[in-house]
Amino acid sequence: MTALNLNGHWTGVIVYGYRYRQLQGKNLYFDLEITQDNNEITGTSIDTGGQGVSPDPANIKGTIDNNFISFIKQYSSYH
């Protein structure tokens with residue numbers, strides 16, 4: 001079990017990497033509600049600004065390993 005408590009509201013930013021070509025270096029801002037169960041996290045994310053904003057919410061699913069947090073942000077539709 002991890003000592004981190006990530007439950008609650010978070011804000012974040014994704015910086016697009018080189019694989020996104022014309023978006024490289026640009027930001028996508030989002031709000032996130034996280035629920036943590038031991039070392040697993042789930043939640044819902046809403047894009048709030050920047051490049052590539054989707055009008056649809058995204059599901060979050062990830063893990064915590066020591067102080068490293070990894071998650072996938074998956075939309076229910078393409079935009």
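Colleague: Which polar atom lies 2.6 Å from the backbone nitrogen of Leu-6?

Modeller: A polar atom of the side chain of Gln-36 lies at that 2.6 Å from the Leu-6 nitrogen. A polar contact is a pair of N or O atoms within 3.5 Å, where within protein one must be able to donate a hydrogen and the other to accept it, and residues adjacent in sequence count only if both atoms are side-chain atoms. The backbone oxygen of Asn-38 lies 2.9 Å from a polar atom of the Gln-36 side chain. Please note that this is a predicted model, in which local features need pLDDT of at least 70 and side-chain atom pairs count only at pLDDT 80 or more, while totals for chains, interfaces and linings use all residues. Residues are numbered from 1 along each chain as its sequence is written, and side-chain values use heavy atoms, with hydrogens and water left out.

Colleague: Why is Gln-36 called buried?

Modeller: Gln-36 has a relative accessible area of 14%. Buried means under 20%, exposed over 50% and partly exposed in between (1.4 Å probe, protein chains only), so Gln-36 is buried.

Colleague: What makes up the largest nonpolar core?

Modeller: Seven residues form this core: Leu-6, Phe-30, Leu-32, Ile-34, Ile-41, Ile-60 and Ile-64. The term denotes buried Ala, Val, Leu, Ile, Met, Phe, Trp, Tyr and Cys residues joined through side-chain atoms within 4.5 Å.

Colleague: Which strand gives the most to this core?

Modeller: S2 does, with three residues. Strands are DSSP runs (E, at least two residues), numbered from the N terminus.

Technical notes
Helix = DSSP H or I, 4+ residues; strand = E, 2+ residues; numbered from the N terminus.
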